Amino acid sequence: MFQALKRLYHKLGSPKYFYEMTGKMLPWLIAATVLLLVPGLIYGLAFAPPERYQGDSYRIIYIHVPAASIAMGGYIMMAVAGVVVLVWRMKMAEMVARCLAPIGASFTFICLVTGSIWGKPTWGTWWVWDARLTSMLVLLFLYIGVMALNSAINNAQSAARATAVLSIVGAVNLPIIKYSVNWWNTLHQPASIKMTSSAIDPEMLFTLLSCIGGFYCLFAVLLINSTRCEVLQREQRSNWVKKTVGAV
Amino acid sequence: MANQLEPAMWSGMLAIIKRDIVIAFRQRGDMVNPLFFFIMVIALFPLGMGPEPGTLQKIAPGVIWIAALLSTLLSVDSLFRQDFDDGALELTLMSPQPLFVLAFGKVLAHWLVTALPLICVAPVLGVMMFMDVNTIKVTLYSLLLGTPVLSMISAIGAALTVGLHKGGVLVAVIALPLYIPVLIFGTSAVEAAAMGHPFAGQLAYLAAFLILAFTFAPFAIATGLRISVNG
């Protein structure tokens, strides 16, 4: 099992193999996205029972929570890819890390916007300087910094390595930032889904889990798609790319 | 061999610190400008928000900290730039001493010539912002503990961007989000002191950040420098 995973990991390091394999995976992933996201969102936005105190306004949770989860997960993934870039100099990791930044930033932005829309009926204002909102905003700033650095350096490889350093530094700082912002001000409710017990109704929970799964598949589809474009662009001089795009 | 290298490591760092301080004293503009910037930014706040002592007293901790943060950010651009342009940075990279030790020395020297003067004038500005003696004392402590962290963080940004000839704003975008913990604990220590609450906890957090930054940042700076120079 471990050997097979290791072999897969090494194979994935080759842009050609990555391109071919993700090409086969993509339709399945798109199907999974549609199957999870469409029923989840329709049920969540229209049929799930309204919440006791917030009524219907809570329904934005089905977009807000998945986006928040991906926003954080994406940054961590970028930092892990950064470690791979710095330690093993793997070209694929460079491309994945580069493509992750704008996608992660978009999900962070979606999370902030939906949170603000949710805040209006619940807290009465569009924005509060609450700990979670603020740390999400800081996360967006971190993403913006990574993207700015990446686009400022012309050489693709040194851009990737510089970005890797920055995203690792950011990932080390992220818990500290989150902790200090928490300490600074707390208004947001603590997390309601925990591994062992859950404070929300099972019907809502399954809808939410389906939406989270669907959003993750969507994230994978977006990431794979943009990484495939990046692969074609970076490897444009190699024969297999010329053959793939029919330029030979 | 090992006991021969060890003293050379420290003497290498000390040599870098000495060299950078000498250079700073020969080009006083680089040293004095951040200080004047700090004073001017703080002087703008009473002009912008009105000279009423109550308001000024209330915003003083934040104003002093943000001004310190901005002047660190402005001055850090010159940290590696000159060495990069005249080739001294490449020699530093090739020297037998570990790069992170030398990078640490460079940042320390930079802190001594740009941040320390700023901390020295902070009490005067505190008086102009109607802070009381105890609060000014805590401001000094928090700046002493916090500004080296800011220097370390912005040095990472400077190291990553030194090869590009458009550093300035880019360093700010990279480094500002990372400043937030220092800003939060720095201002809240001063605010707690102003309200007569205990402030040792916040200072302890700043000291913890300082230790963390001193331990890990030099490695990031060294890696950044290698990437910037080797392309």
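Which residues touch the most other members of the largest nonpolar core? They are B:I153, B:A155 and B:I221, in a core of 139 residues. The model is predicted: local features need pLDDT of at least 70, side-chain atom pairs count only at pLDDT 80 or more, and totals for chains, interfaces and linings use all residues. Residues are numbered from 1 along each chain as its sequence is written, while chains are lettered from A and ligands numbered from 1 in the order in which they are written.

**The core**
- A nonpolar core here is a set of buried Ala, Val, Leu, Ile, Met, Phe, Trp, Tyr and Cys residues joined through C-beta atoms within 7 Å.
- Buried means that 20 or more other C-beta atoms lie within 10 Å of the residue's own, with C-beta atoms placed from the backbone.
- Helix α8 of chain B (residues 167-194) supplies the largest share of this core, 16 residues.
- Helices are DSSP runs of H or I with at least four residues, strands are E runs of at least two, and both are numbered from the N terminus.
- B:I221 is in contact with B:A103, B:V107, B:A155, B:I156 and B:A159, leaving aside neighbours within four places in sequence.
- Contact means C-beta atoms, placed from the backbone, within 7 Å.

**Chain B**
- Chain B has nine helices and zero strands.
- Its C-alpha trace spans about 60 × 35 × 30 Å along the principal axes.
- A compact globule of 231 residues would have a radius of gyration near 17 Å, and chain B agrees, with 18 Å.
- That radius is taken over C-alpha atoms, and the globule rule is 2.2 Å times the number of residues to the power 0.38.
- Of the 231 residues of chain B, 49% count as buried.

**Where the chains meet**
- Chain A gives 23 residues to the contact and chain B gives 20 residues.
- On the chain A side, α5 (131-152) and α6 (156-184) are the elements that give two or more residues.
- α6(A) gives the most, with 13 residues.
- The chain A side divides into 17 nonpolar, five polar and one charged.
- Ala, Val, Leu, Ile, Met, Phe, Trp, Tyr, Cys and Pro count as nonpolar, Asp, Glu, Lys and Arg as charged, and the others, Gly among them, as polar.

**Confidence in chain A**
- The mean pLDDT (the predictor's confidence in each residue, from 0 to 100) of chain A is 86, and 93% of its residues reach 70 or more.
- Confidence in chain A is lowest in helix α1 (residues 2-12), at a mean of 84, and highest in helix α3 (residues 61-88), at 92.
- Just after α3(A), A:R89 takes a positive phi of about 55°.

Conventions. Buried ≥ 20, exposed ≤ 12 C-beta atoms within 10 Å, placed from the backbone. Contact = placed C-beta atoms within 7 Å.
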